[in-house]
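Dear colleague,

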Amino acid sequence: MKLIIFDLDGTLLDTGEGIIKSLKFALSKFGFQVPSEEICKSFVGPPLKMRFLELFDSDEQTANALLACFREEYGKGDLFLASVYPGVEECLKELHKQYSLAVATNKSEIQATQLLERFGLASYFKLICGSDMKASLTKEQIVANAASRLGFSPADCVVIGDSGNDAEAAAKLGMQFIGVTYGYGFKSKTDVTSYSHVACVDNIAQIMRNGGK
């Protein structure tokens with residue numbers, strides 16, 4: 001293992017408050033009924049455009065407009081309504097000594113970089129790789145881009161994330177995967193075991209203590 005590729009939302013940072021706030025704004029502006037808090041939480045992490053299409057039966061044009069509205073509102077300040085998960089910075093400091101680190105996120109690359117810079121984490125990563133402005137990239141493509149841009153083969157990489165979206169991307173690319181259960185996707189080790197993985201942790205510090213076994 002040479003390159004560790006981290007998911008952002010639900011893995012490095014708890015970004016739920018800001019995402020949900022801007023999501024509600026965008027939906028209300030376009031006349032959609034705001035769903036329950038639990039459904040709103042399901043927007044934290046996955047591609048937003050995909051969720052708009054899935055949950056609101058919107059067409060492509062409407063989904064694009066909702067995404068643009070969300071991103072504009074999110075960029076005004078909601079982006080920074082977030083917090084670093086316990087143990088993340090300490091973990092990054094240690095891993096940074098031995099491995100190359102990268103981020104692969106469905107956020108736009110600009111906003112992901114701004115967010116990690118605000119919380120003092122950006123310097124640990126050789127690359128922060130995000131979605132394009134049209135949100136047309138899958139998580140698999142974003143993870144692949146991160147490895148390719150840094151010159152690593154899939155066999156050299158491990159992905160760390162909190163959802164099946166992350167696990168499936170790793171599996172399709174032939175990369176190893178570590179699941180975390182403290183984010184917005186996986187809620188227990190059982191959730192992780194349905195995917196190919198090398199470890200499961202409920203606190204990221206466990207990666208340093210015992211490899212997540």
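Glu 109 has a relative accessibility of 27% and therefore counts as partly exposed, the class between buried (under 20% relative accessible area) and exposed (over 50%), computed with a 1.4 Å probe on protein chains only. The model is predicted: local features need pLDDT of at least 70, side-chain atom pairs count only at pLDDT 80 or more, and totals for chains, interfaces and linings use all residues. Residues are numbered from 1 along each chain as its sequence is written, and side-chain values use heavy atoms, with hydrogens and water left out.

Glu 109 forms a salt bridge with Arg 149, with 3.4 Å between the closest N and O atoms; the term denotes a side-chain nitrogen of Lys or Arg within 4 Å of a carboxyl oxygen of Asp or Glu. This pair links distant parts of the chain, 40 residues apart: Glu 109 lies in helix H6 (residues 109-118) and Arg 149 in helix H7 (residues 139-150). Helices (H or I, at least four residues) and strands (E, at least two) are DSSP runs, numbered from the N terminus.

By this rule, the count comes to 10 salt bridges. Among them, Lys 107 pairs with Asp 9 at 2.5 Å between the closest N and O atoms. Lys 107 belongs to strand E4 (residues 100-108), whereas Asp 9 sits 98 residues away in the loop between strand E1 (3-6) and strand E2 (13-14). Both Lys 107 and Asp 9 are buried.

Within helix H5 (residues 88-98), Glu 94 and Lys 97 are three residues apart, about one turn of the helix, and their side chains meet in a salt bridge (3.1 Å, N to O).

Yours sincerely
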